[in-house]
Amino acid sequence: MLSKIPEMHPAVRSRREEIDRLKEQIDDLESKARLEDLDVWKMEKVKGAKVYTYWLVSWRESDKVHNVHLGSCRKMSRPEALKKAKKLKAEALGISI
């Protein structure tokens with residue numbers, strides 16, 4: 001509608017540029033939100049009299065759930081496990097961090 005008025009062409013162009021910029025921001029935020037959607041949890045395994053605990057992470061990729069072993073709870077803390085999980089998920093999804 002405004003594009004039919006000759007004096008409004010610069011305003012229409014600037015609005016379209018703003019729309020394109022916001023669409024790019026949406027794409028970036030969607031990929032970041034997708035990386036944040038992780039479930040890091042502890043798994044206990046009993047072997048004889050010993051109990052071993054290790055970190056696992058789960059995420060959904062299309063219709064499959066990926067469970068990935070991150071490492072021993074004795075050797076890494078939860079924040080370290082989460083950092084490693086985000087890196088692994090980014091690689092799996094092809095997202096650059």
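Modeller: Glu 24 is placed in helix α1, where a helix is a DSSP run of H or I with at least four residues, a strand is a run of E with at least two, and both are numbered from the N terminus. The model is predicted, so local features need pLDDT of at least 70 and side-chain atom pairs count only at pLDDT 80 or more, while totals for chains, interfaces and linings use all residues. Residues are numbered from 1 along each chain as its sequence is written, and side-chain values use heavy atoms, with hydrogens and water left out.

Glu 24 counts as exposed because its relative accessible area is 53%; buried means under 20%, exposed over 50%, and partly exposed in between, with a 1.4 Å probe and protein chains only. Although Glu 24 and Trp 41 are 17 residues apart in sequence, their C-alpha atoms are 33 Å apart in space.

Glu 24 also belongs to a patch of negative charge on the surface, together with Glu 17, Asp 20, Asp 27, Asp 28 and Glu 30. A patch takes residues with over 30% relative accessible area and no salt bridge, joining like charges within 9 Å and nonpolar side chains (Val, Leu, Ile, Met, Phe, Trp, Tyr) within 5 Å. Asp and Glu count as negative, Lys and Arg as positive, and His and the chain ends are not counted. Each charge is placed at NZ of Lys, CZ of Arg, CG of Asp or CD of Glu.

Leu 29 is another residue of helix α1. Its relative accessibility is 56%, and therefore Leu 29 is exposed. From Leu 29 to Arg 78 the C-alpha distance is 24 Å, and the two are 49 residues apart in sequence.

Next come the salt bridges. How many salt bridges does a search of the whole structure find? The search finds two, a salt bridge being a side-chain nitrogen of Lys or Arg within 4 Å of a carboxyl oxygen of Asp or Glu. One joins Glu 18 to Arg 21, with the closest N and O atoms 2.6 Å apart. Both of these residues lie in helix α1, three residues apart, which is about one turn of the helix. Glu 18 is partly exposed because its relative accessible area is 33%, and Arg 21, at 39%, is partly exposed as well.

Another salt bridge joins Glu 36 to Lys 86, the closest N and O atoms being 3.1 Å apart. This pair links distant parts of the chain, since Glu 36 is in helix α1 and Lys 86 is in helix α2, 50 residues apart. With a relative accessible area of 24%, Lys 86 is partly exposed.

Helix α2 spans residues 78-93 and also holds Lys 89.

The segment after α2 contains Ser 96. Ser 96 is exposed, because its relative accessible area is 69%. Ser 96 and Lys 32 are 64 residues apart along the chain, and their C-alpha atoms are separated by 9.5 Å.

For contrast, turn to a strand. Tyr 54 is found in strand β2 and, at a relative accessible area of 16%, is buried. Among the residues that Tyr 54 touches, again not counting those up to four places away in sequence, are Trp 41, Met 43, His 69 and Cys 73. Tyr 54 and Lys 75 are 21 residues apart in sequence, with 9.0 Å between their C-alpha atoms.

Terms used. Accessible areas come from the Shrake-Rupley method with a 1.4 Å probe; for residues, only the protein chains shown count as cover. Contact means heavy atoms within 4.5 Å.
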